[in-house]
Amino acid sequence: MWSFYFSELIHSLPFFLKGLWMTVAVSGLSLIMGTIIGFIWGIIRASRNKILRSLIGAWVDLIRGTPFLVQVFIVFFILPGIGIELEAFPAAVIALTNLAACFICEIVAGGILAVPSGQREAARASGLSAYQQLRYIILPQAMRTILPPLVGQYVLLVKDSSVVSAIGVVDVTRVGWLTVQRIPEGIMVFGLVGILYFVICYPLINLSNILERRMTVVATKL
Amino acid sequence: MISFKNVNKWFGDLHVLNNINLEVEKGEVVVVCGPSGSGKSTLIRCINRLEPIQEGELIVDDMKVHDKKTNMTQIRAEIGFIFQSFNLYPHMTALGNVTIAPIKVRKVKKEEAEKLGQQTLERVGLGGKAGAYPAQLSGGQQQRVAIARGLCMRPKIMLFDEPTSALDPEMINEVLDVMVDLAKEGMTMIVVTHEMGFAREVAKRVVFMDEGQIIEIAPPEKFFTKPKSDRAKLFLSKILTH
């Protein structure tokens with residue numbers, strides 16, 4: 001029986017690869033946009049503008065304090081109620097982008113604030129504009145602190161993307177759910193699902209470790 | 001060149017600058033001293049508005065620093081500021097440190113800025129260290145790179161905030177020598193320091209501050225031998241007994 005299910009599973013591989021592609025598409029798009037938005041929010045959060053700073057802070061707390069599944073449902077089921085109708089795919093990307101932006105915002109703000117204040121003062125005293133201070137003096141130094149946890153966060157977000165299967169996006173997790181109804185071997189089916197996530201995440205975990213080591217070396221050299 | 005008129009500043013309840021009046025002429029070297037917390041660092045930090053003032057007039061090179069509408073970028077480019085803790089950019093070489101502001105603020109071409117940067121590093125005795133990162137330099141060398149960084153903007157004024165206080169004793173002189181040279185070349189300088197030898201050699205006047213006020217202004221010889229105020233006498237007795 002087991003070998004019959006196994007060969008069935010092998011035949012379903014193309015279906016799984018399609019799901020894998022969907023997972024890569026949803027998390028890839030969200031990570032790119034989330035990184036851009038997260039950096040902008042993080043820079044504002046570390047700035048001196050009190051109103052914008054606390055607005056973003058409140059939003060980040062709200063998102064971090066609620067389950068991602070609920071956020072996905074709100075975007076997909078509740079926004080149509082006020083006239084914003086979205087397909088499952090864009091709804092998933094929006095929800096995951098926002099989640100990514102919130103986590104990345106905190107990492108970026110933390111990295112910027114960890115740069116000693118004397119650096120900004122020296123840059124300011126030499127006549128560099130606020131943008132130039134950020135671009136040439138603050139961010140290059142903050143990146144050392146930001147990069148390792150940023151890539152680590154990517155790993156978490158790729159895994160979080162499995163939640164969007166709940167609104168019908170056919171990602172790897174969804175493919176697992178659909179397949180297990182035909183092939184009632186949960187361990188086998190979801191074992192494969194797990195392996196596919198691991199295939200995406202493992203290189204990222206390695207990258208994060210390498211960055212961590214390299215940044216520590218640089219930090220001690222400085 | 002620099003003119004304080006009835007300048008006041010508070011940090012919360014603390015009156016850090018209390019009715020300051022001070023004129024510094026072009027080419028003049030002024031040493032500011034006083035007990036810690038007397039407001040001397042704040043005084044020079046106001047000149048390029050690292051700290052804003054709340055009352056009074058502060059005019060630097062004919063520009064109104066007290067006016068919130070004044071664009072500070074231009075004034076800051078004319079003023080070199082040397083920090084106690086050097087504040088070199090750790091991710092850039094010595095040459096990168098001294099050329100970034102000329103390139104980005106003055107819009108000097110990169111090759112030209114690097115030529116100027118190399119010359120300026122040679123002037124402070126560090127021509128061979130252009131490619132070194134701050135962490136590879138001693139404290140005295142770092143502070144000299146910081147001075148070169150200021151000089152590369154061809155400033156009209158140089159401000160020094162306790163430039164030798166964070167240095168090991170054997171490195172103090174190499175920094176003071178550079179500052180003496182600068183003073184002799186006619187740079188307008190305000191130096192917050194307790195280095196009395198330096199004050200005697202190049203300062204035209206010593207400004208003594210205590211509790212946010214200027215207590216006494218006198219030529220160095222007079223100030224160190226016959227201070228008028230009791231507070232200055234007390235201060236000098238404390239720093240000169242060693």
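**Salt bridges, sheet and helix packing**

Lys40(B) is buried, at a relative accessible area of 4%. The model is predicted. Across all chains the structure holds 18 salt bridges. Chain B also contains an open sheet of 6 strands, and helix 3 and helix 4 of chain B pack against each other.

**Salt bridge of Lys40(B)**

- The side chain of Lys40(B) forms a salt bridge with that of Glu162(B), with an N to O distance of 3.8 Å.
- Lys40(B) belongs to helix 1 (residues 40-47) of chain B, while Glu162(B) sits in the loop between strand 7 and helix 6 of chain B, so the pair ties together parts 122 residues apart in sequence.
- Glu162(B) counts as buried because its relative accessibility is 17%, below the 20% cut-off.
- Lys40(B), at 4%, is buried as well.

**Other salt bridges**

- In chain B, the side chains of Asp210(B) and Arg231(B) meet in a salt bridge of 3.3 Å, N to O.
- This pair links distant parts of the chain, with Asp210(B) in strand 9 and Arg231(B) in helix 9 of chain B, 21 residues apart.
- Asp210(B) is buried, with a relative accessible area of 13%, whereas Arg231(B) counts as partly exposed at 34%.
- Glu121(A), Lys9(B), Arg45(B) and Glu51(B) are joined into one network by salt bridges that share partners.
- In chain A, a salt bridge of 3.6 Å, N to O, connects the side chains of Arg182(A) and Glu8(A).
- Arg182(A) lies in helix 8 (residues 172-182) of chain A and Glu8(A) in helix 1 (residues 2-11) of chain A, so that distant parts of the chain, 174 residues apart, are linked by the pair.
- Both partners are partly exposed: the relative accessible area is 47% for Arg182(A) and 24% for Glu8(A).

**Sheet of chain B**

- The strand order in the open sheet is 6-7-8-3-9-10, and the pairing is mixed.
- Strand 6 (79-82) and strand 10 (213-218) of chain B are the edge strands, each pairing on one side only.
- From one strand to the next, the twist averages 15°.
- Strand 6 of chain B runs parallel to strand 7 (residues 157-161) of chain B, and 4 bridges join the two.
- Gly80(B) stands opposite Met158(B), which is in strand 7 of chain B.
- Helix 6 (residues 169-184) of chain B packs on the sheet and touches strand 3 (29-33), strand 7 and strand 8 (188-192) of chain B.
- The direction of helix 6 of chain B makes about 145° with that of strand 8 of chain B.
- Helix 9 (residues 230-240) of chain B lies across strand 3, strand 9 (205-210) and strand 10 of chain B, at about 100° to strand 9 of chain B.

**Helix 3 and helix 4 of chain B**

- Helix 3 (residues 94-104) and helix 4 (residues 110-123) of chain B pack at an angle of about 130°, with their axes 9 Å apart.
- That angle makes helix 3 of chain B oblique to helix 4 of chain B.
- On the helix 3 side of chain B, the contact is made by Ala94(B), Leu95(B), Val98(B), Thr99(B), Pro102(B) and Ile103(B).
- Helix 4 of chain B contributes Lys110(B), Ala113(B), Glu114(B), Gly117(B), Gln118(B) and Leu121(B) to the contact.
- The crossing of helix 3 of chain B past helix 4 of chain B is right-handed.

Methods
Residues numbered from 1 in each chain as written. Chains lettered and ligands numbered in written order. Predicted model: local features only at pLDDT ≥ 70, side-chain atom pairs only at ≥ 80, totals over all residues. Heavy atoms only, no water. Pairing = 2+ DSSP bridges. Axes fitted to C-alpha atoms, helices over the stretch in contact; angles between N-to-C directions. Contact = heavy atoms within 4.5 Å. Salt bridge = Lys/Arg side-chain N within 4 Å of Asp/Glu carboxyl O. Buried < 20%, exposed > 50% of the residue type's maximum accessible area, 1.4 Å probe, protein only. Parallel < 35°, antiparallel > 145°, perpendicular 65-115°, else oblique. Left-handed = near helix turned anticlockwise from the far one by under 90°.
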